[in-house]
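Subject: Structure for your review

Dear colleague,

I am handing over the structure below, and my notes on what was found in it follow directly after.

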Amino acid sequence: MTTLVCTSASDAATGAARTPSYPSFSSYVKARQPVLLRTARSLTANPSDAEDLLQTALTKTYVAWDRIEDHRALDGYVRRALLNTRTSQWRKRKVDEFVCEELPEPEGLPAGDPAEQQALHDAMWRAITKLPARQRAMVVLRYYEDLSEAQTAEILGVSVGTVKSAVSRALGKLREDPELIPVRREGPRPASERVLR
């Protein structure tokens, strides 16, 4: 089996040496891609954008692969690359992108989802996407990635107190979201039903 290696146009034109191949990088991507893609999807509302975001973060990781000393901390490195890339995208947001109240549903799909868990999951995601970008990133890292407050603070480059207060405000906004109020009125659910993944 051959490994495809990308080279720049100038390297290809001049016949310069090829970019080194890292088998350990390929193994890492194969093993961790589903988890990392879930993180990318939690940072953007569009699944295609999430795939592009992950691809960009993995490209940055590949370029820095031989400089990364502790390969046990790769998930943190890639998460940081995801967040930095997404932050850059927010800052360079296209003018033609805009938020709308309702997204059109593709034809052929049933109007209502019979699975109560899926409905809760969808309502929760809609509520999370309404949060400001920084709060959304903290909620995703704390509750979807199950990181501690200290780990979240380290990844985002903020203090633990900032994480605590921002997550508290975010949870307050989620509690007040009109879509989630009926769920709260139904009473507490078993832990297995409260998982947001």
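Helices α4 (residues 74-91) and α6 (residues 133-144) are roughly antiparallel to each other (a term for angles over 145 degrees), because their axes cross at roughly 160 degrees and come within 12 Å. Helices here are DSSP runs of H or I with at least four residues, numbered from the N terminus, while axes are lines fitted to C-alpha atoms over the stretch in contact, with angles running from 0 to 180 degrees between N-to-C directions. Arg79, Leu83 and Trp90 of α4 meet Ala133, Arg136, Ala137 and Leu141 of α6, where contact means heavy atoms within 4.5 Å. By class, this contact has five nonpolar, no polar and two charged residues, with Ala, Val, Leu, Ile, Met, Phe, Trp, Tyr, Cys and Pro taken as nonpolar, Asp, Glu, Lys and Arg as charged, and the others, Gly among them, as polar.

Please note that this is a predicted model, in which local features need pLDDT of at least 70 and side-chain atom pairs count only at pLDDT 80 or more, whereas totals for chains, interfaces and linings use all residues. Residues are numbered from 1 along each chain as its sequence is written, and side-chain values use heavy atoms, with hydrogens and water left out.

The mean pLDDT of the chain (the predictor's confidence in each residue, from 0 to 100) is 76, and 72% of the residues reach 70 or more. Residues 1-17 have pLDDT below 50, and this stretch makes 11 contacts in the model beyond near neighbours in sequence; residues 187-197 are also below 50, with 17 such contacts.

In particular, Asp75 in α4 and Arg32 in α2 are 43 residues apart and form a salt bridge (a side-chain nitrogen of Lys or Arg within 4 Å of a carboxyl oxygen of Asp or Glu), with the closest N and O atoms 2.5 Å apart.

Best regards

Key. Helix = DSSP H or I, 4+ residues; strand = E, 2+ residues; numbered from the N terminus. Parallel < 35°, antiparallel > 145°, perpendicular 65-115°, else oblique.
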